[in-house]
Amino acid sequence: MSRAKAEIVKPQKVRFSVKEVKRQWPLLIWAGVFFIYGVVFHYLPLAGWVMAFQNYKIKDGLLHSKWIGMDKFKFLFSDVNFIRDIRNTLAMGIINLVATFVMAILFAILLNEIRSKIGKKTIQTISYLPHFLSWIIVTGILHDALSASGIVNELLRTLNISDGINFFAEPKYFWGIVAFANVWKETGWNAIIYLAAITSIDTALYEAAEIDGAGRWGKIRHITLPSLRPTIMILLLMNIGNVLNAGFEVQYLLGNGLVKRVAETIDIYTLTWGISQNDYSLGTAAGIFRSAVSIILILIANFVASRTGEDKLF
């Protein structure tokens, strides 16, 4: 038996001792800080979900507000506005997921094909910048560009394509505008992880493919994309749970009375009823519904991935 086969490296057991605690105390303190942060800001607030089952009044508090059971949920699903907002949220969430996901992969692959290091770094840096802009700035830029006297309409008139389009008065354009805003803002940032995955691919595979006569498209098709597949699947599973997080700022800032029926999301509904109308119970019920659907979507996607032999989250 060879030495390589004879030697089996066994993982060392982690032993708790005072000496080890003294040696690792800075890491333990920081771990404790983040643990407390997670409990205080992510788990303790879940106690507020009880408001969804009460006729919550600020003066009575959680302990003395009247218990009404599932009445708020029954009201939600009998409200045509909430049903419409579910449709809007799902539609924009799916469009945003597909658009940002596909564009990030394409951008990472195309950026990797640039041979000039200076050009590559310049484009990469420029593509990151929109991510650090607030939605206030992004929506302001979009509003100016798509206004009646904006650059888009001026270009349409110059090319004799149209006399001008009122983008913010036509509901049919709104979902596309939201998707474009998300793609422009996040594509460069989302591409980082794909670029990191591409750089980890063995260059010998590309050299072998080139010897076999594969061109750039052949290398992308047979090496780059298959190598990215595990990363793509994991990120897809993680992002499916965010389908109902279609956004709030961009819809709220770009929406108006003319496009209200396609612009309102569950988040805006929660704001309208939970804060503006002081119905905190109804707003909490809407938030619980969104969280429950997100968890169910992740579980379903993870189950499908495990049954099809793809990488899964757990």
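**Notebook: helix packing and a few single residues**

I started with helix 10 (residues 171-199) and helix 12, which pack at an angle of about 140° with their axes 10 Å apart. That angle makes helix 10 oblique to helix 12. My cut-offs here: under 35 degrees is roughly parallel, over 145 roughly antiparallel, 65 to 115 roughly perpendicular, and the rest oblique. The axes are lines fitted to C-alpha atoms, for helices over the stretch in contact, and the angles run from 0 to 180 degrees between N-to-C directions. Helices are DSSP runs (H or I, at least four residues), numbered from the N terminus.

Before going on, I noted that this is a predicted model, where local features need pLDDT of at least 70 and side-chain atom pairs count only at pLDDT 80 or more, while totals for chains, interfaces and linings use all residues. Residues are numbered from 1 along each chain as its sequence is written, and side-chain values use heavy atoms, with hydrogens and water left out.

**Helix 10 on helix 12, continued**

I looked up the handedness: helix 10 passes helix 12 in a right-handed crossing. Which residues of the two helices meet? From helix 10 I listed Ile193, Tyr194, Ala197 and Ile198, and from helix 12 Thr224, Leu228, Thr231, Ile232 and Leu235. Contact means heavy atoms within 4.5 Å. By class I get seven nonpolar, two polar and no charged residues. The classes: Ala, Val, Leu, Ile, Met, Phe, Trp, Tyr, Cys and Pro are nonpolar, Asp, Glu, Lys and Arg are charged, and the others, Gly among them, are polar.

**Helix 6 on helix 12**

Next I checked helix 6 (residues 80-112) against helix 12 (residues 216-240): about 145°, axes 11 Å apart. This crossing is right-handed. Helix 6 brings Leu97, Phe101, Ile105 and Ile109, and the helix 12 side includes Ile220, Leu225, Leu236, Asn239 and Ile240.

**Helix 5 on helix 16**

The axes of helix 5 (residues 71-78) and helix 16 come within 9 Å and cross at roughly 75°. That makes helix 5 roughly perpendicular to helix 16. Lys72, Phe73, Phe75, Leu76 and Phe77 of helix 5 meet Ser281, Leu282, Ala285, Ala286, Ile288 and Phe289 of helix 16.

**Single residues**

Is Ser127 buried or exposed? I have Ser127 in helix 7 (residues 117-128), and at 14% relative accessibility it counts as buried. Buried is under 20% relative accessible area, exposed over 50%, and partly exposed in between (1.4 Å probe, protein chains only). Leaving out residues up to four places away in sequence, Ser127 touches Phe107, Gly188 and Trp189. Its side chain also reaches the backbone oxygen of Gln124 at 2.7 Å.

Asn160 sits in the loop between helix 9 (151-158) and helix 10. Asn160 is exposed, with a relative accessible area of 70%, and its phi is near 60°, positive though the residue is not glycine. I found a positive phi of about 60° at Asn278 too, also not a glycine; Asn278 is in the loop between helix 15 (266-276) and helix 16 (280-307).

Last, helix 11 (residues 203-211): Asp202 caps its N-terminal end, with a side-chain oxygen 3.1 Å from the backbone nitrogen of Ala204. Just after helix 11, Gly213 takes a positive phi of about 95°.

Conventions: Left-handed = near helix turned anticlockwise from the far one by under 90°. Polar contact = N/O pair within 3.5 Å; in protein donor to acceptor, adjacent residues only side chain to side chain.
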